[in-house]
Amino acid sequence: MSKEEVVLLDFWASPFCGRVRIALAEKGVEYQNREEDVLGSKSELLLNSNPIHKKVPVLLHNGKPVCESTVIVNYIDEAWPSRPLLPTCPYERARARFWGDFIDKKIFEGGTKIWSSKGEALEVGKKDFIEILKQLEGTLGEKDFFCGDNFGFVDILLIPLTTWFYAYEKFGGFKVEDECPKFSVWVKRCMQRESVAKALPEPEKVYEAVLMLRKMNGIE
Amino acid sequence: MANSDHIVLLDFSGSPFVMRVRLALAAKGIEYQIKEEDLTQSKSSLLLKVNPVHKKIPVLIHNGKPVCESLIIVEYIDEVWKDRCPLLPADPYQRAKAKFWADFIDKMVHPSSYKVWAANGEVQEAGKKEFIDRIKMLEGELKSNPYFGGETLGFLDIAFLPLYYWFHTLETFGKFSIEAECPKLVAWGKRCMEEEFVCASLPHPHKVYDLVVEYKKKMGI
């Protein structure tokens, strides 16, 4: 078998990059990690590989770029088919994609409203965010992971985003564990997986990065 | 399995998202029942029951089980009826490209198109420029192929074709010509319209315009 070249254009704090790091680890794929200076100047390689969005993550597989984290996770699942990340039944796959899409649309944007606002806007943002987590908690139910017994696609899309929750809790004056205890149990369960623990940054470090983002955006 | 399938599509005429699902079902030759939702009125109890999270159409109800979000529904249809007319390519890299561009259409092209038909003044002007810039990027993906899917209509063609059906509406409200800016894309759209299953499943572009005018009036846009 010819040697595969897998490169990830990465940023340590990005939860979207975190998704790809976890997916690659789950599949046992060796890759080279290239850290991008996303707040400074982006590399030629990034701008050439993702000319449309100019964002990380980008996965380069034998030189061919794949962009958008959810698309990349799907690609990894298909290009390295052992240990599938999605269920086999089409209806369950559609359900997994639905919740993946929900997570994509709601979580990061919802969290941004918390760290980038003050006063009334922050309170509304916090209330909406907790509602979103409660919806996810409802769909998790009594299962260990979102699609059942096995860690998979939906868990991979969601768990990196939780590294930003400590920052939201600090700015919003709330604790996810108090509002959504079952959700917190799921977080802890995922963090016990080696692929997850090794791939994700410390929430305290993310908080420092968010503090810097606030300063850069003139929010005090 | 095919003969005992019961398929219902919650629909709203003119919606480009519902049109995607109609195209996928027609491409695969699947029979289904339409239940028209009137989005200018309050939502039906059925819609609220089958899509409690977003409360939006389209919803495909397959043997009583609901599938929501148009691109997810199209992929579901492709997987269930995998014995005929594949919509997504087999190769993982080509699949990723098709999904990337479909995601681009949803994130970048649709919001711009909304500014063209639902706004006016400076917002509309900005929307027009944004829309053209973005569909030009998509036009580049056609390369020298007749369709985005290559030799036959595929997933990305289905994702974008409803917006082609909206070009007449956008041009009329925006007072501009999309063909002048993106001739390859318009040629692609005309080519798609020659397929029988396409014409049979979608309202004519002039009918789309009438539907949008009526919708705007009822919603006070």
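Which residues of helix 9 of chain A are buried? In this predicted model, where local features need pLDDT of at least 70, side-chain atom pairs count only at pLDDT 80 or more and totals for chains, interfaces and linings use all residues, they are Phe183(A), Ser184(A), Trp186(A), Val187(A) and Cys190(A). Residues are numbered from 1 along each chain as its sequence is written, chains are lettered from A and ligands numbered from 1 in the order in which they are written, and side-chain values use heavy atoms, with hydrogens and water left out.

Buried here means under 20% relative accessible area (1.4 Å probe, protein chains only). Helix 9 covers residues 181–191; helices are DSSP runs of H or I with at least four residues, strands are runs of E with at least two, and both are numbered from the N terminus.

Now for the place where the chains meet. Chain B and chain A each put 25 residues into the contact (heavy atoms within 4.5 Å). The rule finds 6 salt bridges across this interface, a salt bridge being a side-chain nitrogen of Lys or Arg within 4 Å of a carboxyl oxygen of Asp or Glu. One of them joins the side chains of Arg95(B) and Glu78(A), at 2.9 Å from N to O. On the side of chain B that touches chain A, strand 4 (65–68), helix 3 (70–80) and helix 4 (92–118) of chain B each give two or more residues. Helix 4 of chain B gives the most, with 11 residues.

Terms used. Buried < 20%, exposed > 50% of the residue type's maximum accessible area, 1.4 Å probe, protein only.
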